Amino acid sequence: MPEAIPACDVAVIGGGLSGLLCALYLARAGVRVSVLDADPMAFGPHASSASVASLGLVQLGTAEHPHRLAHALGLDRAKQYLSFSQRSIALLAQEVPMQRGGLRVGIGAEIGELEEAVTVSEALGVENSLWTQDQVSQSQGSVGLGPGRYVPMDGRLDPVQALAALAEKARAAGAHLWAGRRVQAVEVNDSITLRMEQGDTQCELLVYAASWGLPALDAWFSGKLYPVRAAVLQTEPAAHRRPSRSPLQGASAQYGYLSWQSTPVGGLRVSGARWATPHMETGETERRPNPKVQAALQGFLQKTFAQDAQGVVTASAGIQGYTCDNLPLVGPLPGGRRVACSGFADTGWSLAAAAAEIVTQGILGERPDYPDFLKPQRLVGI
Ligand SMILES: Cc1cc2nc3c(=O)[nH]c(=O)nc-3n(C[C@H](O)[C@H](O)[C@H](O)COP(=O)(O)OP(=O)(O)OC[C@H]3O[C@@H](n4cnc5c(N)ncnc54)[C@H](O)[C@@H]3O)c2cc1C
């Protein structure tokens, strides 16, 4: 008989990085919190979440350059967004091991935008500097990469190590983490009932941190949150990438559509190239890499990191949750009692900690002050 899950104050559905951060902050505030995750391997190094699959670049704002962010959101909102992200990175750095500094490399036409990116970045209050092609190549152990922008406020971490630290801290603070518990239905009455194959449980409030799994659970998310597959190629450890020889290397390029990072044991992980399929991998929920995307990543790996590509290269994929306007959903849903903390697309590591802080403050009855364009209400009517 599976263990029954006792009733709690707050249940968090989803135990990726956003759910664990919510659980950690809530438990520290004395709230009785349970995290329910469908995956039997949840909270461990072999979990199927996007959080485990991710590369671990912690990029201030988005992987896009800031002049593009400013064009999309306007200068004021871009500033608010960046300061939200800055707060988030600072919070995360208090909880998990993180190296500071990050590189956004230019490829092709993007190179011509780097100077504007540097200027707008400064106007937005984000320190950054131009790196020459040589500086970039030397820092990454690569060939053929263009110049780039160095952003000291960015960071890099090992996702498996970071998630283990979050799970351990959440448990130590009193949160209960339940793996292998898929929530099949949510019923909101006097209290909230969560239906699972192993039996029901009750809570007073619910945090939705289940990313692209949410539309199946709550009709409010239909048409607002959808899956997007991201592929990864991983090389076997190589002597020239051993941490003793070079620090953890990582960067993004092509407006964030390519990224890479070395692993703590000296392998290299390369991700992105969704543009190799006409639908940009939208709607894909199978964690099986698309051969076209894989071929594009393989080409990039061979051309740029030929030395790494000589050994065995393994392919995998993860599924990210995107919103229709590419901004996360943070805060109460219409009708109350259900709170969203999802939709982090490809920037969960740089946004989710501030989002979890806001969710916690809201649940504690405080009135958190944060950008309206992150609140779920912005999408009412869509
Ligand atoms: C290949 C790849 C590379 C990436 N690289 C980066 C990067 O370098 N930097 C960065 O910031 N971001 C990156 N991302 C994006 C990042 O991984 C996400 O933004 C982040 O992990 C989202 O975290 P989450 O907790 O919202 O979702 P997830 O980590 O996906 O967690 C959601 C959890 O919900 C659970 N769940 C779903 N449905 C249910 C249900 N019905 N009941 C119970 N549980 C349920 C799932 O099992 C899962 O564990 C990358 C993603 C991928 C796939």
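**A walk around the ligand and the cavities**

Start at Ala345: one of its backbone N or O atoms sits 2.7 Å from an oxygen atom of the ligand, a polar contact (a pair of N or O atoms within 3.5 Å). With the ligand still selected, note that the protein covers 93% of the 1,000 Å² of accessible area that the ligand has on its own (Shrake-Rupley method, 1.4 Å probe). You're in a predicted model, where local features need pLDDT of at least 70, side-chain atom pairs count only at pLDDT 80 or more, and totals for chains, interfaces and linings use all residues. Numbering runs from 1 along each chain as its sequence is written, and side-chain values use heavy atoms, with hydrogens and water left out.

Next, pick Leu55, where a polar backbone atom is 3.1 Å from a ligand nitrogen. Then hop to Leu17: a backbone N or O atom there lies 3.3 Å from a ligand oxygen.

Ready for the cavities (sets of points on a 1 Å grid over the protein atoms alone where a 1.4 Å probe fits but cannot get out; lining residues have an atom within 4 Å of a point)? Select Leu60, Thr62, Glu64, His65, Pro66, Leu69, Leu82, Arg104, Ser121, Val126, Arg149 and Val151 to see the lining of the largest cavity, whose volume is about 90 Å³.

Last stop: the second largest cavity, with about 40 Å³ of space. Its lining includes Leu57, Asp154, Arg156 and Ser252.

Notes. Polar contact = N/O pair within 3.5 Å; in protein donor to acceptor, adjacent residues only side chain to side chain. 1 Å grid on protein atoms, 1.4 Å probe; cavity = no way out; pocket = protein on both sides within 12 Å on 5 of 7 lines; lining within 4 Å. Points joined across faces, edges and corners; volume = space filled by probe spheres on them.
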